Amino acid sequence: MRYSDDIIEEVRMKNDIVDVISQYVRLTRRGSSYFGLCPFHNEKTPSFSVTPSKQMYYCFGCGAGGNVYNFVMQYENYSFGEALSHLAERAGVELPKIEYSKEARAKAEKRAALLEINKKAAQYFYYQLRREGGKNAHDYLTGRGLSEETIRKFGLGYSDKYSDDLYKYLKSQNYSDELLRESGLFNVDERQGMYDKFWNRVIFPIMDVNNRVIGFGGRVMGDGKPKYLNSPETRIFDKSRNLYGLNIARTTRKNYLILCEGYMDVISMHQAGFTNAVASLGTALTSGHASLVKRYTQEVLLLYDSDEAGVKAALRAIPILREAGVNSRVVNLRPHKDPDEFIKAEGAEAFEKRLEAATDSFMFRVSIASGDFPMDEPQGQNRFFERCAQYLLELSDELERNLYIEAIVKEYRRYGISVEDLRKRVNTLALKGTPAEKRIQPKSGGSPMRKKESAADKSQKLMLTWLVTYPAIFDTVEKYLSPSDFVVPLYKEVAEMLWKQHEEGDVNPARLLNAFTDSEEQKEVASLFNATIHLETKEEQQRAFSDTLIRIKQESLAEKNKNWDPADMGALQELVKAKKDLEELGRKRQQLHISFE
């Protein structure tokens, strides 16, 4: 069940956006808006604006924007329901109780019970570490250089040598065997019955982004196998969609994440001050991980072990991140194996310098490829540049491809390659077709290079911004435009909603945003109400308005002309009318008087 639109709007209206955001961001008034440093990307000059009249925020740097719900969801990583509950409590609005179906209620109750079991297990392991039986595990952690503060911060613990300790404890808490079996904390066989999955191990609780314990990792004390053991997948734990340390890293507000291999890598980096480090959970990086990362950053530093397995892991991760729209660079740790070893040997300052010197991930792939061929032989060089051409074909943006062609030529000029030579190789390969398994097709909207905005898009955005900022111009605009003239589907949808609001006498962009649940759509819609153009005089305003109006009509006519069916007489009549409307608009452009006040 979803809360009614009236409840959603009541909660939004009772949470002034300036008051809410001021709790997170220091804002300074500038004209009719407030500005501050964007909390969603790293910046030195404030480009994050909050407009009370629109009850919206927008960052002119990274494009983040929306109403008060969007801000709380993005900052706190809340679902819409969680943001609604948070803001309702803040405003003193009592939300009506939702009636769940019997099946939905049972599912929610089981999930809550599993989270509670994991929380109690984490507390139990934490307690065991501080008992006499946990001394060896505690000595192991402090011997690895971890402070008591770090051990406490990550909730590290110990599972005793006895294989039924946790089971007995949780049974004493009146949990059923069926529920304990679903928790992933126990194994079952005919001889032993149910027994602890983790025993005689240092325990690393795994938390989701909301700091709830969803699973565990355990490192064996001694020479047992396997060295590291992780919780299996359960109702609350999906390895491919969670990252160790992200619950802390997401709050650091740095403009990149450091992606490494293991628990100790993350913990040692956090202790050294690099609190934006995360790790995948005993599995290779997945598209689910990449999508999760994209919610918090546009860039990742890959910091896998410097051995062969680490290099392969980095090579697998790069295209996955790229497909999700995340830029990546690769950090060279040699001669050290991993971050923990590097920091202990050379310190945090030297580690910071290695991060700053990280290699562009595309050029890292090229560099690794150069080691696959005998580069002292012509045939090896030829095969290497063929591989480079294959990589270059993966790039859908022509400018980006040309920049990398120049970078490769600059790096490997000693082999007699020129920009023209490599470009010809790429074109030849494109005509032949690259094997499907070596092509990476970017998802729609997933390219890290933004699509260049057309003049038509800018005109439509500008008109929508004017309509919500100066609703009085509606009376003039609706004489010449209708929502159908906005040719971009999302813009048309927004225009239809604005026209309806105008008919009802309340143009309200913040309320309009409640209708969009997809985060990318929310961001795009917010940008529609924050288009800017510098206009000093009234003459400039009039000219810009008429030019924008005419361009929108021109694009609308072009779209209709492109799509009409010659057999459809109704469509032909519409086309003729559209042409007449455009001609009339051209004749009247000097008479289009509006006021941006």
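Trainee: Where is the place of Thr 465?

Mentor: Thr 465 sits in helix α19, residues 455–469; helices here are DSSP runs of H or I with at least four residues, strands are E runs of at least two, and both are numbered from the N terminus. This is a predicted model, where local features need pLDDT of at least 70, side-chain atom pairs count only at pLDDT 80 or more, and totals for chains, interfaces and linings use all residues. Residues are numbered from 1 along each chain as its sequence is written, and side-chain values use heavy atoms, leaving out hydrogens and water.

Trainee: Why is Thr 465 called buried?

Mentor: Buried means under 20% relative accessible area, exposed over 50%, and partly exposed in between, using a 1.4 Å probe and protein chains only. Thr 465 has 5%, so it counts as buried.

Trainee: And Gly 218, buried or exposed?

Mentor: Gly 218 is at 0% relative accessibility, so buried again. You'll find Gly 218 in strand β10, residues 213–220.

Trainee: Which residues does Thr 465 touch?

Mentor: Not counting residues up to four places away in sequence, Thr 465 touches Lys 54, Leu 528, Phe 529, Asn 530 and Ala 531. Contact means heavy atoms within 4.5 Å.

Trainee: What about the C-alpha atoms of Gly 218 and Phe 198?

Mentor: They are separated by 6.7 Å, though the two residues are 20 apart along the chain. Phe 198 is also among the residues in contact with Gly 218, leaving aside neighbours within four places in sequence.
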